[in-house]
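The notes follow the order in which I checked things.

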Amino acid sequence: MKVSEILKVKGSILYTVTPDTPLLEAVNAMAEKDIGSLVVMEFGELAGMLTFREVINTVHKNGGQIGDSTVRPHMDDHPLTVTPDTDLNEVRRLMLEQHARYVPVMDAKTILGIMSFYDVAKAVLDAQGFENKMLKAYIRDWPAEEESRE
């Protein structure tokens, strides 16, 4: 399964800020939209990612305060990225190795969407469920789900 297939199902809604957005404004947007990351765009291109990890680290360094700074010093300015053609297993491996919970999907310099660890886990679970149904259909007289629970 490719990243492009997951984006088709998930959609490509992006929530963005600029590096000069006040950090408090960005955190408020994340809370209001119930999202864990914001894409940081500058001059029409990906400049970085701001995730709850960077926010928590900032609050910790500031003694429990967000502070008055902008997004720029706190964002990840070199986030891991993938392409629409990246295989899902490769995305899983990269996200696990680099502890990345959110990964921009790029086509050259154009951002197409964000893959979250949740999106990857859901895609894997859905694919396994589909394979399971196909195998059960192949095996004759397999008990139905309701019968197997009794």
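I began with the strands of this predicted model, and found an open sheet of three strands in the order β1-β2-β3, with mixed pairing. I noted β1 (16–17) and β3 (45–51) as the edge strands, each of which pairs on one side only. I then followed β2 (residues 37–42), which pairs with β3 in the antiparallel sense over six bridges, and I marked V39 as standing opposite M49 in β3.

Next I looked for what covers these strands, and recorded that helix α2 (residues 23–33) lies across β1, β2 and β3, running at about 70° to β3.

I listed 24 residues in its lining, of which K10, G11, I114, S116 and D119 lie nearest its centre. Which element supplies the largest share of this lining? I found that it is α5, with six residues, while α1 (3–10), β2, β5 (110–116) and α5 (117–138) each supply at least two. By residue class, I sorted the lining of the largest pocket into 14 nonpolar, five polar and five charged residues.

For the second largest pocket I noted a volume of about 220 Å³, and a lining that includes M49, T51, R53, E54, D76 and Y102. The elements that give two or more residues to this lining are β3 and α3 (52–61). I divided the lining of the second largest pocket into five nonpolar, three polar and four charged residues. I also wrote down that M49, which stands opposite V39, is among the residues that line the second largest pocket.

Technical notes
Residues numbered from 1 in each chain as written. Predicted model: local features only at pLDDT ≥ 70, side-chain atom pairs only at ≥ 80, totals over all residues. Heavy atoms only, no water. Pairing = 2+ DSSP bridges. Helix = DSSP H or I, 4+ residues; strand = E, 2+ residues; numbered from the N terminus. Contact = heavy atoms within 4.5 Å. Axes fitted to C-alpha atoms, helices over the stretch in contact; angles between N-to-C directions. 1 Å grid on protein atoms, 1.4 Å probe; cavity = no way out; pocket = protein on both sides within 12 Å on 5 of 7 lines; lining within 4 Å. Nonpolar A, V, L, I, M, F, W, Y, C, P; charged D, E, K, R; others polar. Points joined across faces, edges and corners; volume = space filled by probe spheres on them.
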